[in-house]
Amino acid sequence: MQEFAGELRLSKKTIGFVPTMGYLHQGHMSLVQESKARSSCTVVSIFVNPTQFAPNEDLAKYPRDLKKDCLLLENAGVDVLFFPDAQEIYPEGFDTYIYPDSLSRIHEGEFRPIHFRGVCTIVGMLFNIVKPHFAFFGQKDAQQAAVIKRMCTDLKFDLEVVVCPIIRENDGLAMSSRNVYLAPKERQQAVKLYESLLHAQKLISEGVRNTNRIVEEMIQIIKGIENHKLDYIRIVNAVNFSEVEMLKTGADYYILIACRVGVTRLIDNELIRF
Ligand code: AMP
């Protein structure tokens, strides 16, 4: 892969890169489409990265379907699928990690302390292998995209990070490989995450600026999910992810939500622009 990417660069091709953990859906494919529109060669990686899962998380049962993924990627006209072996990525003696700092300790980082260290380490490594000019990430994982942008700025990675919009199911549930874990009733009720985000948007459009009030009303909607555990709903500055009490004109915000439905942990968000 490294040699091939080197040759592409020598022949002045632009490389677009979409890192994934596989079990692909239309969310992933929207990143692929964006990459194809911007670059002459699109590389997709599939790697379920062990270092971003804590021991109590779902690494072993993370859904996999390589055959279907290959078909989707071929039909979409992807040039290269990079599907490395875990042994090759993390050989014996592997000892170097990329530790993101403050941005990785809040929100997702509070509930998944080693997560962003694993993400930055694998993404940084993949950037060195695939040598992309552009790398595409989903707004679905808004904090992840921000952590990676920060890493690229801080460590001077020579590429552009492009963040693409959230793709949703017909009823509004954000597409995710993890949605297959949901039992039918849980799947029905999971849409309340999106409904709570829509409600927040409505309150804001009606002039509500106090974030406590918005979060309180969102929690009431989430309470309609029978077997749920809400990790957090937070309204944050879209650049540094610090929590805000009052929305002000001229800034962008994310409304972030992380909630367990049954045993499945779901995240979603909405970008608020004034
Ligand atoms: P994953 O395979 O879950 O690690 O996701 C790979 C990439 O796809 C990440 O950049 C995600 O943010 C992005 N992604 C996942 N779900 C969606 C979605 N529903 N809409 C847009 N992008 C997504």
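Tutor: A word on classes comes first: Ala, Val, Leu, Ile, Met, Phe, Trp, Tyr, Cys and Pro count as nonpolar, Asp, Glu, Lys and Arg as charged, and the others, Gly among them, as polar. This is a predicted model, in which local features need pLDDT of at least 70 and side-chain atom pairs count only at pLDDT 80 or more, while totals for chains, interfaces and linings use all residues. Residues are numbered from 1 along each chain as its sequence is written, and side-chain values use heavy atoms, with hydrogens and water left out.

Student: How many nonpolar, polar and charged residues does the shell around the ligand have?
Tutor: The shell has nine nonpolar, six polar and two charged residues.

Student: And which residues come nearest to the ligand?
Tutor: Of the 17 residues around the ligand, the nearest are Met21, His28, Asp141, Ile167 and Met175. A residue is near a molecule if one of its heavy atoms lies within 4 Å of it.

Student: Which polar side-chain atom lies 2.6 Å from an oxygen atom of the ligand?
Tutor: That atom belongs to Asp141. Gly138 places a backbone N or O atom 2.9 Å from a ligand oxygen atom, and Met175 has a backbone N or O atom 2.9 Å from a ligand nitrogen atom. Taken alone the ligand exposes 480 Å², of which the protein buries 92%; accessible areas come from the Shrake-Rupley method with a 1.4 Å probe, and for residues only the protein chains shown count as cover.

Student: Which helix supplies the largest share of the shell?
Tutor: Helix 2 does, with three residues. Strand 1 (15–20), helix 2 (26–38) and strand 4 (134–138) each supply at least two. Helices (H or I, at least four residues) and strands (E, at least two) are DSSP runs, numbered from the N terminus.

Student: New topic: where does Thr51 lie?
Tutor: Thr51 lies in the loop between strand 2 (41–46) and helix 3. Thr51 counts as buried because its relative accessibility is 11%; buried means under 20% relative accessible area, exposed over 50%, and partly exposed in between (1.4 Å probe, protein chains only). Its side chain and that of Tyr90 are joined by a polar contact of 2.9 Å, that is, a pair of N or O atoms within 3.5 Å; within protein, one must be able to donate a hydrogen and the other to accept it, and residues adjacent in sequence count only if both atoms are side-chain atoms.

Student: What about Ser102, buried or partly exposed?
Tutor: Ser102 is partly exposed, because its relative accessible area is 48%. Its loop runs between helix 4 (86–89) and helix 5 (108–111).
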